Amino acid sequence: MSHLKHTYWGLLLASVLLFISFLWQPIDFWIVFPLSLALLTVYALFCTDTPLFQAAKKGWIVAPVSGIMIYLLFAIGKEFLIITGIPLLSSLEQLYQLVQPKEWYHYIWLFFIIIPGEEFFWRYFMLNQWLHKFSVTKAILIATLCYGIVHLLSGSLLLVLAALIAGLVWNYLYYRTKNIWAVIVCHQVFNLFLLVLFPL
């Protein structure tokens, strides 16, 4: 199967799984979403020939700093919503009710299945697929747009905006370091602040 066929089938699979997890929800979100990311991880690892540890020494300092910076940017964004009165705060509260961990095992799923799964699929697999086809700038932008647009199937405009902003940072960080593990750490630090330490 060609690189593009892997990419298109992967996008279709991610779209279906995101729709099932956020909108259809035939079973509890905290069951179906981790299962979805586990499946996407398997797909990514099966369809990617990029070495998994090719540059594992890079990015370890910038990764946690970047995670904190993304969180601060989102905190500023919330204050902007409050100041301007843009009617999205109720949407933010609804999103938190769904994705914020409540049980001890939710934290395990989040930090060891969901976050690594997103990075393996969207950065390690998807970005590398586009880099085979396009220039670096175009590949990063396309990968970011794909990550954001697919999140339309979550039913949350805020999640789409968050995916576009954070996705751009994570795509660039992965391209610069080629270290998917550092990007996972960045994503974990961001979610640690966003969902555990200082929820917005």
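Q: What volume does the largest cavity have?

A: Rolling a probe the size of a water molecule over the atoms shows where empty space is left. This is a predicted model, and in it the largest cavity has a volume of about 80 Å³. The count of cavities of 30 Å³ or more comes to one.

Q: Which residues line the largest cavity?

A: The lining consists of Ala 14, Leu 17, Leu 18, Phe 33, Leu 37, Leu 40, Glu 118, Trp 122, Val 150 and His 151. By class, eight of these are nonpolar, one is polar and one is charged. Helices α1 (3-24), α2 (29-47) and α5 (104-131) each supply at least two residues of this lining.

Q: What is the volume of the largest pocket?

A: The largest pocket has a volume of about 800 Å³. It is lined by 37 residues, and those closest to its centre are Phe 74, Leu 158, Leu 159, Ala 162 and Leu 194. The lining divides into 31 nonpolar, four polar and two charged residues.

Q: Which helix gives the most to the lining of the largest pocket?

A: That is α7, with eight residues. Helices α1, α2, α3 (62-84), α4 (89-99), α5, α7 and α8 each supply at least two.

Q: Which residues line the second largest pocket?

A: They are Phe 22, Leu 23, Ser 91, Gln 94, Leu 95, Leu 98, Ser 154, Gly 155, Ser 156 and Leu 157. Two or more residues of this lining come from each of α1 and α4, and α4 gives the most, with four. The volume is about 150 Å³. Here the classes are five nonpolar, five polar and no charged.

Q: Now the surface. Which residues make the nonpolar patch?

A: Tyr 107, Leu 192, Val 196, Leu 197 and Phe 198 make a patch of about 400 Å². Its largest share, three residues, comes from helix α8 (residues 180-197).

Q: Why can Val 196 be called partly exposed?

A: Val 196 lies in helix α8. Its relative accessible area is 31%, and partly exposed covers the range between buried, under 20%, and exposed, over 50%.

Q: Where is Lys 178 found?

A: Lys 178 is in the loop between α7 (157-177) and α8. Its phi is positive, about 55°, although Lys 178 is not a glycine. At 27% relative accessibility, Lys 178 counts as partly exposed.

Methods:
Residues are numbered from 1 along each chain as its sequence is written. This is a predicted model: local features need pLDDT of at least 70, side-chain atom pairs count only at pLDDT 80 or more; totals for chains, interfaces and linings use all residues. Side-chain values use heavy atoms; hydrogens and water are left out. Patches are made of residues with over 30% relative accessible area and no salt bridge: like charges are joined within 9 Å, nonpolar side chains (Val, Leu, Ile, Met, Phe, Trp, Tyr) within 5 Å. Accessible areas come from the Shrake-Rupley method with a 1.4 Å probe; for residues, only the protein chains shown count as cover. A salt bridge is a side-chain nitrogen of Lys or Arg within 4 Å of a carboxyl oxygen of Asp or Glu. Buried means under 20% relative accessible area, exposed over 50%, partly exposed in between (1.4 Å probe, protein chains only). On a 1 Å grid over the protein atoms alone, a cavity is a set of points where a 1.4 Å probe fits but cannot get out, and a pocket is an open set with protein on both sides within 12 Å along at least five of seven lines; lining residues have an atom within 4 Å of a point. Grid points are joined across faces, edges and corners, and a volume is the space filled by probe spheres set on the points. Ala, Val, Leu, Ile, Met, Phe, Trp, Tyr, Cys and Pro count as nonpolar, Asp, Glu, Lys and Arg as charged, and the others, Gly among them, as polar.
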